[in-house]
Amino acid sequence: PLWGFSEIADEIHESDIIPFDDPVLLWSQSIASPGLDRFFVVMSELGFLWFLVPANLVLVAGLAWAGRTRHSVFAAVALGGSALLNLAAKLVFSRERPALWESIIEETSWSFPSGHAMGAMSFAVVVALLSRHTRLFVPAAMLGFGFAVLVSYSRVYLGVHYPSDILAGWAAASAWVVGCYGFAFGPRRLRAFAHERRG
């Protein structure tokens, strides 16, 4: 993921044209319909205030209430840190949003990387990692990643993000969350492994 993000970021920094950006946007605009407009506006809103932000808060608070302090701190740092990283990256790259057509929603912040894509993918990876040793792993992962794809594509369909913004957001979110997980749980697992070896 870090390599993928760095490759896209380098193209953006050099102001190079990414070949697949405009074709994917134009194809998305070509399939537009009133029904799809309504669906993807809803998905876009679910990817922020309507669902994702409350879900993040509920997840962190629920883990804390259940006494899983380490898991709660991991989720809080992974999800909150992802949002802060996104804000910082937007300021660093200052990429203008697409303007191939007039979107039905209004966005005023910078385009790269997509905050919706980073937020949705961060949530999906957090949920997948927290459930990886349980019977809920497969359905949780499928729902989480499916949600992330729909939220992310909604931003392309609505014409407010380039596909490369989405891919960079996914890459950055995945690298950040997995790094947080390794920092939070890796040392403990290594100590347990060493103890078993000595035993």
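## A buried pair and its salt bridges

Both Asp21 and Arg95 are buried, a word used for residues with under 20% relative accessible area, whereas exposed means over 50% and partly exposed lies in between (1.4 Å probe, protein chains only). The model is a predicted one, in which local features need pLDDT of at least 70 and side-chain atom pairs count only at pLDDT 80 or more, while totals for chains, interfaces and linings use all residues. Residues are numbered from 1 along each chain as its sequence is written, and side-chain values use heavy atoms, with hydrogens and water left out.

Asp21 forms a salt bridge with Arg95, with 3.0 Å between the closest N and O atoms; the term stands for a side-chain nitrogen of Lys or Arg within 4 Å of a carboxyl oxygen of Asp or Glu. This pair links distant parts of the chain, since Asp21 is in helix α2 and Arg95 in the loop between α5 (69–93) and α6 (115–130), 74 residues apart. Helices are DSSP runs (H or I, at least four residues), numbered from the N terminus.

Arg95 also meets the side chain of Asp165 in a salt bridge (2.7 Å, N to O). Because Arg95 lies in the loop between α5 and α6 and Asp165 in helix α8 (residues 163–198), the pair ties together parts that are 70 residues apart in sequence. Asp165 is buried, as is Arg95, and Asp21, Arg95 and Asp165 are linked in a network of salt bridges.

## A further salt bridge

The count of salt bridges comes to 3, and one of them joins Glu107 to Arg155, the closest N and O atoms being 2.7 Å apart. Here Glu107 is in the loop between α5 and α6 and Arg155 in helix α7 (residues 137–157), 48 residues apart. Glu107 counts as partly exposed because its relative accessibility is 30%, whereas Arg155, at 2%, counts as buried.

## The two faces of helix α2

The buried residues of α2 are Asp21, Leu25 and Ser28. Seen down the axis of α2, these residues fall within an arc of 60 degrees, so they line one face of the helix; the arc is that of the directions from the helix axis to the C-beta atoms. On the other side of α2, Trp27 and Ser30 are exposed.

Gly4 has its place in helix α1 and is partly exposed, with a relative accessible area of 22%. Gly4 and Ala171 are 167 residues apart in sequence and 6.4 Å apart in space, C-alpha to C-alpha. Asp16 lies in the loop between α1 (2–13) and α2 (21–30), and at 37% relative accessibility Asp16 counts as partly exposed.
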